[in-house]
Each structure stands twice: as structure tokens, then as C-alpha cells.
Amino acid sequence: MWSEFFQPRDLASILPQLQLTVFACGILLMDFLLDRKHKYMNAVTALLGIAFSGYSVWALSDKQEHAFRGLLVVDPFFVFFSTVFLGAAAIVILMSVRYLEVEDELEGEYYALILFATVGMMFLASGVDLITLFIGLELMAISFYLLTGFLRRDRRSAEAAIKYFLLGTFSTGILIYGFSILYGISGSTSLYRVAEAVRMRGLNDPVVFLAMAAVAAGLFFKVAAVPFHQWAPDAYEGAPTPITAFISVGSKAASFALLLRIFLVSLGAVRPHWEVLLAVVAVATMTIGNLAAIGQTNIKRLLAYSSIGHVGYILLGLVSGNDTGRMGISIYIFAYAAMTLGAFAVVTGMRRNGAVGDTLDDMRGLIFRNPTAAVLMLVFLLSLTGIPPLVGFYGKWFIFLSLIETGHYYLAVFAALYVVVALYYYFRIVVMMFLQDAREPEKIEFSPGLVVTLGLTLLLTVLPGLYPEPLIQLAQFSILPYR
Amino acid sequence: MISPENILNWILFTPLAGAALVLLIPGERRNLIRLLSNVTMLAGFLVSLPLVGWFDKTNPGFQFTLSAEWIPSLGVRYELGIDGISFWLVLLTTLLGFLAVLSSWAFIQERVKEYYIMFLLLQTGMLGVFMALDLFLFYVFWEVMLVPMYFIIGIWGHERRLYAAIKFFLYTLFGSVLMLLGILGLYFFHAGVHQSGGVCPSVGVAGHTVAEVYTFSVPVYLDFARALPFEWQFWIFWAFFISFAIKVPMFPFHTWLPDAHTEAPTAGSVILAGVLLKMGSYGLMRFSLPMFPDAAIHAVPYVVGLSLIAIIYGALVCLMQKDMKKLIAYSSVSHMGFVTLGIFALNQAGLEGSLLQQINHGLSTGALFLIVGLLYERRHTREISEFGGLSTPMPMFAAIYLIISLASLGMPLLNGFVGEFVILVGTWQVNRMWAVMAAVGIILAAAYLLWLYQRVMFGEVTNPKNKTLKDINLREAMTLVPLVVLCFWIGVYPQPYFEAMRASIQQVVARVHGAAKPPAPVAAPVQTPAPPAAPAASEEAPATR
């Protein structure tokens, strides 16, 4: 029986996750042997693990097959999202090395937890079974609770971790309640079986509606959509800045992978219900995210609210629900990852000995103190706003086009006008960086890891903007399972 | 080398190449940066001059076209070309860009390198807007150009520069996102007609290849869009219109203008008034009228009403100003009212006069901003009450300023007269009442400009600070004299200017009034078209997804 279950082919299909796990465990052991000077080896090991895992993902890129008797699937959707997760993890690790030295928190667990969180995300993208998905979700979430509170001596960090943990477990409870109802109506945890049962029960079944509402509420929490968004600004502000970036990009992308799988596969039959629900939530999310961002004085909080706004746009891609919309979601998530990581990398660089550097005021006169960083931040912020020809523009482009194609004209106008609001609060940072004089004249140097990070994110923001053809092909590839 | 096939690339990329070179020069070598930027802008102007010789006045279509693939799966192409409408605006841009940069030599003393890089980037963006023949490319240039202008106002502007800069950016962006939706709407309708196997007005029986289904080509949409049913024309027309009306700016959307123009540094104001405003009126002539003629005709009463309000209200506000620069800024509202009035007369004279008036406004208002800039550099104030009797210490300056003022207020033998007169002729043919009301604006223009001149230049020198003011130097004269010469040239012999634009404008008028209007798209694009996706649509695009 065991030999039937553990086929080598199955193991091959989770090889990327296995490799990450092995390296993460390796880091935990290795950490004991390293003295303070050589703690950076933890980061190197983690990057090595990501490289191996990335290679394995690439080797799986032409496959479309189920594994472990239908517990998970290897398909282009998984490959696309895994690439985003691994890229984000690598960039976050590069950002972290100097940051941890400054914070004097050199424990190797940090990198191990990043890898474990990545494993969880990858299972979220590959799972087609409620149990697999739930385990992936918990693995990711628990890693993030720990990482958020990693700065033990910082009260903000501890507060953020507690808030994130309490609200997170609460929402997980709601989600698992929805899962249990889905199991109840189908007698199976397979997403496909659930889909069949939902279709049989039809649109007007109250039980299906209840399950959908519970699942949606849990998922809205994970992606930080209104009205379940309040944890995000606090968690973003308190967490170590690289982790904020990782929560903002990795956790969000993974939760969207989960959300897409569940809504498109299992709940596809009740689309009329959730389309309205998602439209309302998307509009509320854009409104609250964008309007609340205006008044923020802390950049991490500002970016938190702006990321809530971006969630609204991504949800709209699901509302329109055609191929253009789904491609728009893929492109948007890719673009969002690149430009958000870049923006957080600049914020990370502002953390120096004796300066926290995460308020709007700290950006004052950055153009005089580190011109390159200021110009790069400008590029990232313009891309976040959606100014062409940068990658962020194409995400919005596809979402708007899909809304027009499906006749959601009002939503399109609404979404487009929030671009103007977004420009306003992003440019509050630009005003500080470029148009105000620096209080302290001394230069700010960025560490080598950050320079590499910024270089990578800049390339990923500018190149697909100037020539988006490969990105569009990639997005078409990623939605193959849903065509 | 430069040939009719690649001249537009040369014009577009010369400033960009200059910006790249300036980037490499260390920031301390300020004179080298200034020199290189001026040389680049001069070169940019010189490479645009061959257009004058090569331009075919009898051809109403696009000339010097360039085309290359950019994003195949979306159907986006890198397509440039100019016709009689954009021809003059391109030349105006290259000339004013050079003069504006020349005028900044002494005024800009801080962050010199960044300033010139921004200006060179701005120049490329503006030229791109006038030359793009692909709606996507047009939109990219339209947005990109906002960023350098934001910094030019925000960094080198006057006291309230932060407010003015962000206001400028937000207003324009508000319009542009609506235009983006309009572009997407057109794109979607066009793809729908092709996918349902209907008859496309631009190419006859609709084709199914990706290149035919997905396109942003302006020539295609010029034929396609005007055959759309009225309801769609109506919505897309207003989506475009708001964007252009903010840029012009038309009456209820004009409030960004006095702030931006007043707070910007001199060169920024020159470019704002001289070129940026023309993008709005260019958009109306290039897109709004020929693409959505039914909606445009429907909109005439509203737009004309707003134009008349702008003409008179702008002029009245000018009379109240205490700040010279603000006065000139508001005069733009009034003058651009004439431009939009001429455009929406929807006849040959109205459009020709309007285009000429756009050039005139660029020359004379640009020159007025240079003049205010000269005074500001000497006295660091723009208050009218601080001046008086300046013609005694600055006789040369007084002469040039007088000519420019007269040109701006429409004195015969100077350029403003020709433009306004032809616009009034065009308007008179449509509705005499409108022409009469617009003529009031000319009288008011004479009042506020001459009164300003009187207060600043005539009388005794009351303020002792003004006694020792230096007259204009050679560099300053170099910036103003070409504009004065052009004002006279257009005023005395405007024929070549009208000739070059005639054929293209005739075509616009013909399109508006339905000459040879193509049949409406046969299959109403109600079905959802396939995604703009190459693999699925390569052979035959499916009608549904």
C-alpha cells in the first residue's frame, strides 16, 4: 500500500518543495556551527536552496499532471506562481542580510522560516485538495507569524505578531468552517468533487451559499481585502521590513493562487453569486485602501494601504472573469511583486544604525543622500501608480480591458479614477525625496545585497514595461489550466 | 543619415540622446552641461528643418511614416508620421524647446544637471505625442511627458510650486485615465467586428489575422470609429474630450493652469503655454473630430458655450491680476478659448484659423513668459506694482515687449490678428452671435495687455530699484528675436502656413460632415471577443471565449 502511495513520480512532482525543506532543515542545523562573523552563510545556503528549487520548477514547466492520487497538481499555474514565490524569497533574503546585522538578530531560523513559508506557498499553488491547501496555508501563515515577531526587542514587532496571529487564526477558523461545509456536501476533499457537488446543488442552495461566504471571508482576510484588511497596516508596520515585503508579495500572491483555484474550480458553478460579492468587495477595497493611504505618515503603513488598493484591482480581474481578466491577474501579480519588492528594498536601505527610517519624513532629500535609490524609488512608485511604460501599467491595462470586454463599464471608470488618487499618495513620497532638502547631509550607503536586489527589481519593472511580449506569453501560459 | 524615411526618429531621439549624454557628465561641470543641452536642442531644431523642404502640401494623409512591431500580441506598433496638422506643431515644439532651454542658462543655478535631463526628456515626450500614429504609443508619450514637467515645476518653480506641480499632474492624469478607457473601448469594438466576421469600415470585409483584429493604428481608427453607432461614439468622444479639455484647458477644467504656469520656472511656463496646451487642441483635431463626428456635432453647443465663457471669463480675470505672470497665464485661457471655438466651428476656416492660432499662441505667449522671466531674473518679483517706467532703462526690451503684446492682442500685420480673424470668419459662417461674443474677447485682450504694458513700461521710474536695470543681453535677444520675426512673418504673409495645413484640414472637415462616410460596421460588436492572445487567435479568432 505504501509503495502504491509513494511513487517516485509523485516525489518528482514535489521535488521543488522537498529541496527547500531540506535546505531549511540544513540551515537550522548549520546555524549552531556558525559564529557571528559567518552568519551570512545562512543566507547563502538559503539562496542555494532556492536555486535548486527553481531549477526543479523549471524542469516541471512542461508538465500537466496530478500527483499523490489527486492531492496536488503540477501545471503551468503552479509553475508561474512558484516562480514568483521563489523570486520573491530570493530577493527578500538578499534584502535581509544587512538588515539583520543592524537589528542584531542573527538567528538562522529567520532564513529557515522564509524557506518554510515558501514551501507553504508552493503547496497553495499546487494543491487541489482541501486538506493539502489547508496545510500549505497554515505552514505559510505560521511561518509569517513568527517572522513578523522576529525583532524580539522591538515592541512594535511583538504587537504586530500578536495581532496578525490572533486575527489570522480567527480567519483560518472561518475558512476551515467553509471547507468543512464543502466536505459535507460532497463527501470528498478533492476540489473537483466539490465542484461537482456544488454544481448539482445549484445556485439557490443556502448551504452552498453559506460555504461560499465562509470561504470568501477567510480568503479575503488572507489577501487583505475590505472588510478584513485591518491587520495589514499593523503587521506591515511592525514586521521587519524585508518580511513586510515578503508578506506583501509572497503571502498575497499565494493567497490569490488559493483564491483563484477555489473560486474558479470548486465554486465555478455559483459564479453569479460570487461575482457580485467580489465586485462589491473589490470596490470597497479600492476605496478604503486608496483613501486611507492618503493620510499615512509611515511609509510601511502607506504601502500597506496601497497594497490593499492593489488587491481591489486584482479582484476586479476575477469579476470580469474572461481570459483577459485572468491574464491580467497573472500580469498584475508579477508586476506587483517586482515593484513592491523594489519599493520595500529602498525602505529597508533606510534602516541604519541609529535610524529606523520608515517614516515619510525620513525620505526627506533622499535625492541628495543617495540619488540612485531616490530615482529607483521614483520608478517603482510610478509603476505602482500605473504610468506607462512600466510593468505596473500592463496589469491595469489588462484588468481595464477585461472589464470593458465584459461590459463592466462603471467598474472600469471607478478603477481608473483611483489611479489618480494613488498618484497623489505615492507622490507624497516623491515630494519628500526630490523636492525637500535633506535635514542631515550625510550620504546613505546601501549594502551589496540591497544593490543586487534593487538592480533585479529595476530590471523586472522596466524591461517588461518596454517590451512586455515575454510577460504576456508567460501570463497566457499561466492560465492554461483555466482556459 | 537623415532621410525622409527616418527623419522622425532623428527628431524624436535627438533630445533623448542628449539626455543620456548629460547623464554621464559629472554634476559639477555645469557649463559643459548647459552647453551640451543647448547644442542638443539646437540640433533637435535643425534636424526638424528638412521637414519643411520634404513636406508634400498636397497630400492630406500621413507622411514620413515609420512603422515597426512593438508588442505583437496586443497589436501595438511603433508608428510615427505627421500630416499638415502635426507638421506645424512639431516645428513649433523643436523651436520653442530650443529657445526655452537657451533662456534657462542663467536662471537655473541649482541642480543644473537634473534640470537639463528633465527638459530633454520632456522634449522627447512632447514630440512623441505629436508624431505617434498608434494610440497606445500616443498614450505612453502622453503620460511619460507628465513626469519631467512635474519635476520642472516642482523643483525649480516659485513659492507654491509643490501645490502647483501635483495639481498639474493630478488634473492631467484624471483626464488621461478616462482617455485610456476610451482607447480600450475602441480597441474592443474593433476586435469584436473582426471576430464576428462583419464588415469593417477601414478594410472592407473584416479579416481574421491577429494583426487585423488587434490594432491601435490611428489611420485604421480614423475610418473605423466614425462609423460606430452614435451611442458608442458619444461615450468614447467624451472620454477623449475630457482628457483634451483638461489639457487645453477649457473653462471648468482650467484651474490647474494659473497655478502651474505661474509657479513654473520661465522655461517651464514657455513650454507649458507654448506646447503642452497644444496637445489638447491637437487631440481634438486629430482624434475627437474625425473619429467621432456625430458626437462632435452633437457636442458643438456645449463646447462652444464653454469656449465663449473661457474667452470672456479668462479676459476679465486678467484685468484683475496683480501678478504679471498670472495675468499672462489667464490670458492663455482666453486665447485657447478661441482655439477651441475655431475647432468646433467645424468648417475649413475655423479649423485653419484655430491651428494657426495655436502656433501664434505658442509664439506670442511663449515670448510673453520669456519677457516676464527676464524681469523676474532682474528684480525677483512679478508684482505689477513693483514696476513702472521700465522703458527708460530698457529701451530694447520695451520695443520687443510692445511688439509681442500687440501680436498677442491681435494687431493687424502681426500673427494674432490673422489667426483670430480667420477663426471669427469660420465662426461667423456658423452662428453670428458666437462671433460677436468672441470679438468681445479681442477687445478685452487689448485692454488687459495694453494696460499691463502701460503700468510696467510707461511713466516715470517710481521705484529706485528699477533705475539701474540692464537692458537685454545677446543671449536674451537670441531667445526673443526669432519669435518676433515669426510674429511678423505670419502676420504679413501667412499663406505658406495655411497652404501646408490646408489639405489635411480639408480631410478632417470632410470626415466630420460625412463625405464618403463608410457604412456602419455590419456585425454589431456585442459578442465578447477573444483575448488579445496570439496563440488562440493566430489562425481564426473564435467569436466567443
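The model is a predicted one, in which local features need pLDDT of at least 70 and side-chain atom pairs count only at pLDDT 80 or more, while totals for chains, interfaces and linings use all residues. Residues are numbered from 1 along each chain as its sequence is written, and chains are lettered from A and ligands numbered from 1 in the order in which they are written.

That makes ten of the ten residues of α6(B) (residues 135-144) buried, so this helix is largely enclosed by the rest of the structure. Helices (H or I, at least four residues) and strands (E, at least two) are DSSP runs, numbered from the N terminus.

Strand β2(B) (residues 76-82) is itself mostly covered, with five of its seven residues buried. It runs antiparallel to β1(B) (residues 63-71), and six bridges join the two; strands pair if DSSP finds at least two bridges between them. L66(B) sits opposite L80(B) of β2(B). Four residues separate the strands of this hairpin, where G75(B) takes a positive phi near 80°.

Another glycine, G157(B), lies in the loop between α7 and α8 of chain B. G157(B) counts as buried because it has 23 C-beta neighbours inside 10 Å. Although 107 residues apart in sequence, G157(B) and A264(B) are 4.4 Å apart in space, C-alpha to C-alpha.

Notes:
A residue is buried if 20 or more other C-beta atoms lie within 10 Å of its own, exposed if 12 or fewer, and partly exposed in between; C-beta atoms are placed from the backbone.
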